[in-house]
Amino acid sequence: MGSTPIQGRMTADAQGDVTVFLIGMRINSFRAVRSWWPVFRAMSRMLKELSRDEGGGLLGHRLLLGGPRVLVVVQYWDSVEKLFAYAADQGRDHRPAWAAFNRRMREGRGRVGFWHETYIVPAGSYENVYVNMPAYGLGAATGVVPVARRGDRAAERLRSA
């Protein structure tokens with residue numbers, strides 16, 4: 001996200017279906033750095049790898065803190081098929097990271113937690129507005145356009161898709 005607000009009311013320039021993937025970790029024991037630090041580093045490596053792959057399907061992502069123990073990454077994908085293809089690709093960072101994470105989970109006795117959720121959002125089922133904000137969320141992932149292009153009210157923006 002840039003730091004300069006875009007003046008006025010904007011909306012995301014997303015087209016078609018969007019896949020939203022939420023993934024996070026919970027540090028159950030701060031002292032068990034060897035349990036949670038590798039999980040955090042692996043996610044950083046995967047996000048760098050995905051960001052370099054223009055055709056890979058990741059539109060954008062945002063790291064959020066959910067309190068002192070929880071880290072969440074919100075990811076926007078252009079299709080669930082590309083998300084699944086990345087997860088299954090033996091030649092990419094995800095597979096070895098997942099195998100290492102599973103070993104760490106067995107050995108770590110619950111010192112780190114992990115979760116993910118996947119949502120496929122059909123075209124016409126999402127809308128957004130950003131007022132005097134830098135590009136954010138789906139708008140940062142797909143670019144923004146003035147609200148007037150899609151409708152002044154949320155219901156109009158949903159219908160216009």
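The report below takes these topics in turn.

## Basis of the model

This is a predicted model, in which local features need pLDDT of at least 70 and side-chain atom pairs count only at pLDDT 80 or more, while totals for chains, interfaces and linings use all residues. Residues are numbered from 1 along each chain as its sequence is written, and side-chain values use heavy atoms, with hydrogens and water left out.

Helices (H or I, at least four residues) and strands (E, at least two) are DSSP runs numbered from the N terminus, and two strands pair if DSSP finds at least two bridges between them. Four strands make up an open, antiparallel sheet in the order 3-4-2-5, with strand 3 (58–65) and strand 5 (112–121) at the edges, each pairing on one side only. Strand 3 and strand 4 (residues 70–77) are joined in the antiparallel sense over seven bridges, and Leu58 stands opposite Trp77 in strand 4.

Helix 1 (residues 33–52) lies across strand 2 (18–27), strand 3, strand 4 and strand 5, running at about 20 degrees to strand 4; here contact means heavy atoms within 4.5 Å, and axes are lines fitted to C-alpha atoms, for helices over the stretch in contact, with angles from 0 to 180 degrees between N-to-C directions.

## Nonpolar cores

A nonpolar core is a set of buried Ala, Val, Leu, Ile, Met, Phe, Trp, Tyr and Cys residues joined through side-chain atoms within 4.5 Å, where buried means under 20% relative accessible area, exposed over 50% and partly exposed in between (1.4 Å probe, protein chains only). The largest nonpolar core has 14 residues, and those with the most contacts inside it include Val74, Tyr76 and Leu138. Strand 2, strand 4 and helix 4 (137–142) each supply at least two residues of this core, the largest share, four residues, coming from strand 4.

A second, separate core of 13 residues includes Ile23, Met46, Tyr86 and Ala97. Met46 is also among the buried residues of helix 1, as are Trp36 and Glu49.

## Salt bridges

Counting a side-chain nitrogen of Lys or Arg within 4 Å of a carboxyl oxygen of Asp or Glu as a salt bridge, the total comes to six. Glu49 and Arg92 meet in one of these (3.4 Å, N to O); because Glu49 lies in helix 1 and Arg92 in the loop between helix 2 (80–88) and helix 3 (94–108), the pair ties together parts that are 43 residues apart in sequence.

Glu49 is buried, with a relative accessible area of 11%, and Arg92 is buried at 18%.
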